[in-house]
Amino acid sequence: GMTLHYTPKLRPNSAVMLMVGQWYLEIPPGRERHAESAVCSKEDTHRLLTGPIKIVRALNHMHYLGREESLEIIRNEKRIAYVTNETTYSYDRPKFVTISPPLEIQPGDEIKTTCVFKSKNKKKTTFSGRGTSDEMCLGFMVVFPAENLLSRTCATWRSLSLTKLYRDLNPYGCNITNFFNLSHPDTRPLLEKLENNCKPFSICLEECKEVVKEVRKHPCLSGDVGKYIVHRAAQMFNGDFPRFLSLLQSCDVEMLKDKQVQRLTNNNESSGSVSPRRHLELIVSFLCVTLILLI
């Protein structure tokens, strides 16, 4: 049950829940131990905190693959305290940690979340999601005063700060709003280059490969930002962007084979111990294996 207490005298502080952690998980099957981590960075806490806040309670959160989780406060590159350090995590038996005296977080501190999973009995990769068959790596902290906290979330997606992605106009050199608008003058030329040189859901054209390499140099398609864009775009069912992706990815298999062949060539040239005939045999063998896998 629940008991509600009313008073005309307000408490001296208001508390809120701050969530930290990693929003992107990719846990391979058959692992005895697999770790994921996230950091609410110095830049993030400088932006989100208008003054110090104090933690009075905390809770780790994973699903059924979760085994260990910790939350750490790092100041000047050194860990000053564990908020939580749970080495026997159980989804069915959550442990609320009361912190007394309260632990202070200052602007410029870092909050590191580390989760350890066991996927020994899994046959497929587990991704992040809301269902208990999916996974999470989050930490929840009750903090005060609420007035010193501008956002109740300080999490990451892979290596990317969600604070930066959601609050900056041009995070990591990518204006995400403009990029998803393929009629925008900055991004329309990318679509036109792909449309003029590539065929979606068809054969890979030789001229398409070079165009794809050029387009993928764009800040919105590089590194983890590019993966985030593709992740967001995969949830779209209308508009030009699914077509844009189909053009961009139309030569992925062929470009991967080109890289593998080039790597074999470079390795053989650097070793100087493989004859031209053997070199050709290796390449032919690789292409045959690739063809079998594709079939």
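Predicted model: local features only at pLDDT ≥ 70, side-chain atom pairs only at ≥ 80, totals over all residues.
By contact I mean heavy atoms within 4.5 Å of each other. In that sense, and leaving aside residues up to four places away in sequence, Lys-227 touches Trp-157 and Arg-158. Numbering runs from 1 along each chain as its sequence is written, and side-chain values use heavy atoms, with hydrogens and water left out.

Staying with Lys-227, this residue lies in helix H6, residues 223-233, where helices are DSSP runs of H or I with at least four residues, strands are E runs of at least two, and both are numbered from the N terminus. Lys-227 counts as partly exposed because its relative accessibility is 43%, which falls between buried, under 20%, and exposed, over 50%, with a 1.4 Å probe and protein chains only. Between Lys-227 and Arg-158 there are 69 residues of sequence separation and, C-alpha to C-alpha, 9.1 Å in space.

Turning to the whole chain, we have nine helices and twelve strands. The radius of gyration is 25 Å, well over the 19 Å that the globule rule gives for 295 residues, so the chain is more spread out than a compact globule; here the radius is taken over C-alpha atoms, and the rule is 2.2 Å times the number of residues to the power 0.38. Along its principal axes, the C-alpha trace spans about 85 × 50 × 40 Å. Buried residues account for 41% of the 295.
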